[in-house]
Amino acid sequence: MANPPPAPDVAQVLRHNRALLYRHIVTRLALAVTLFAVPYVAHLAGYDAALPGFGIPAALLVLIFLMLRLRHGSRLKVCEKVLHTYPLEYRTRVSRKGSEWKYLGDVHTVRLSVRGQRGAPSLRAVNASTVRRWPKEAEEGGAWFAGDPAFGGVMVVPGSDDMFFVQPADWKKYEQERAQAGPQRVALAEQAGISRLLEKEPNILVGG
């Protein structure tokens, strides 16, 4: 097996993803302010048709979706706790089996494996900074993993510092393993905040 790339700097990874999250927030807030302003600008310009009035409900939708994304799709705090609890281990291969568009973010189904070993669990991965894209760097090699596959963890992509919150794709499949985990293993999962954290898609009809 070829030598793994240098381990990522955890502080730099967190700064990078925090900056992406803040950029997302600022962009959406700017869009909402613009939409709120449309009816007033149109009125000042003497344009009183009904169409500009849709700017206000559109702005409210932008803010609602932003709040949903921040509540359900951003896992920066949990990822930070995981990275400060578990060591980073290199997985030589990242296999993406599919992706789904969700309100909380794009959910990717992946396997993180070591060449020559079998039985890597299927994981669901969500970008911790709410970015909706799959990094091309992940297709070119492996990734760093910190966590416990039965509870979840963090995947960091070398070359991009993109960070994903990952959990078993079939959460119930590992219920027995989690229940039978030793005290030290459970204590680490609790310290990292992933012992009972199950990522769920928000129900927008009831606000989460």
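1. Two strands are said to pair if DSSP finds at least two bridges between them. Strands here are DSSP runs of E with at least two residues, helices are runs of H or I with at least four residues, and both are numbered from the N terminus. In this sense strand β4 (residues 122–127) pairs with β7 in the antiparallel direction, over five bridges. Arg124 lies opposite Gln167 of β7.

2. The structure is a predicted model, in which local features need pLDDT of at least 70 and side-chain atom pairs count only at pLDDT 80 or more, while totals for chains, interfaces and linings use all residues. Residues are numbered from 1 along each chain as its sequence is written, and side-chain values use heavy atoms, with hydrogens and water left out.

3. The chain contains five helices and seven strands. Read from the N terminus, the order of elements is α-α-α-β-β-β-β-β-β-β-α-α.

4. Strand β7 also pairs with β6 (residues 152–156), in the antiparallel sense and over four bridges. Met155 has Phe164 of β7 as its bridge partner. β6 and β7 form a hairpin with six residues between them; in the turn, Gly159 has a positive phi of about 90 degrees.

5. Strand β7 spans residues 163–168, and six of its six residues are buried (under 20% relative accessible area, with exposed over 50% and partly exposed in between; 1.4 Å probe, protein chains only). Across the 208 residues of the chain, 43% count as buried.

6. Among contacts (heavy atoms within 4.5 Å) with a separation of 6 or more, 66% join residues 24 or more positions apart.
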